[in-house]
Amino acid sequence: MERDLTLFPQDEIGQYLWDGANAGDNINQEREIEFTVIFKTQEQALKFGYLLLENNQKLSMCPFDNDDHPWEVTAYPFISATYENITAYRHLLTESCLALEGVFDGFYFPIN
């Protein structure tokens, strides 16, 4: 299969999706995708979690093994795993966490 760079750009997200597509995953299938943001303090993480809850997002929060950002908040939107959806949600989280000094730490979903 030839790589369509509009669907699978040559960056980290595009490569993850490309690897999934080559393994037979249907990226258009909706699924729960994990997006993680890390914070310096528990208070910042709680405020971010509250913001997500206000927007009806499923989330988890827990300590994170990182000296600089020891708190992790993970959101679990149910979306199709397209490049457009993943980059848009990442952008939304990145912009939303700036005021709380959060750092986007990645996304994950199992390849079907």
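## A sheet, its helices and a few single residues

Let us start with the sheet: four strands make up an open, antiparallel sheet, arranged in the order S3-S4-S2-S6. At its edges lie strand S3 (59-63) and strand S6 (103-108), each of which pairs on one side only. From one strand to the next, the twist averages 20 degrees. Please keep in mind that this is a predicted model.

Within the sheet, strand S2 (residues 34-39) and S6 run antiparallel and are joined by five bridges. One place to look for this pairing is Phe35, whose bridge partner in S6 is Phe107.

Two packed helices are described by the angle between their axes and the distance between the axes. For helix H1 (residues 12-22) and H3, the axes come within 10 Å and cross at roughly 140 degrees. The crossing of H1 past H3 is right-handed. Which residues in H1 and H3 meet? On the H1 side they are Ile13, Gly14 and Leu17, and on the H3 side Tyr83, Ile86, Thr87 and Arg90. Sorted by class, this contact has four nonpolar residues, two polar ones and one charged one.

Next come two residues in loops. Most residues other than glycine have a negative phi. Asn56 is not a glycine, yet its phi is positive, at about 60 degrees. Asn56 sits in the loop between helix H2 (42-54) and S3. Glu101, also not a glycine, has a positive phi of about 60 degrees, and its place is in the loop between H3 and S6.

Finally, the cysteines. How many disulfides does the structure hold? The number is zero. Cys62 is in no disulfide, and the nearest cysteine sulfur to its own belongs to Cys97.

| Residue | Relative accessible area | Class |
|---|---|---|
| Asn56 | 73% | exposed |
| Glu101 | 41% | partly exposed |
| Cys62 | 28% | partly exposed |
| Cys97 | 1% | buried |

To find these residues in the structure, remember that Asn56 lies between H2 and S3, while Glu101 lies between H3 and S6.

Key. Residues numbered from 1 in each chain as written. Predicted model: local features only at pLDDT ≥ 70, side-chain atom pairs only at ≥ 80, totals over all residues. Heavy atoms only, no water. Disulfide = S-S within 2.5 Å. Buried < 20%, exposed > 50% of the residue type's maximum accessible area, 1.4 Å probe, protein only. Pairing = 2+ DSSP bridges. Axes fitted to C-alpha atoms, helices over the stretch in contact; angles between N-to-C directions. Left-handed = near helix turned anticlockwise from the far one by under 90°. Contact = heavy atoms within 4.5 Å. Nonpolar A, V, L, I, M, F, W, Y, C, P; charged D, E, K, R; others polar.
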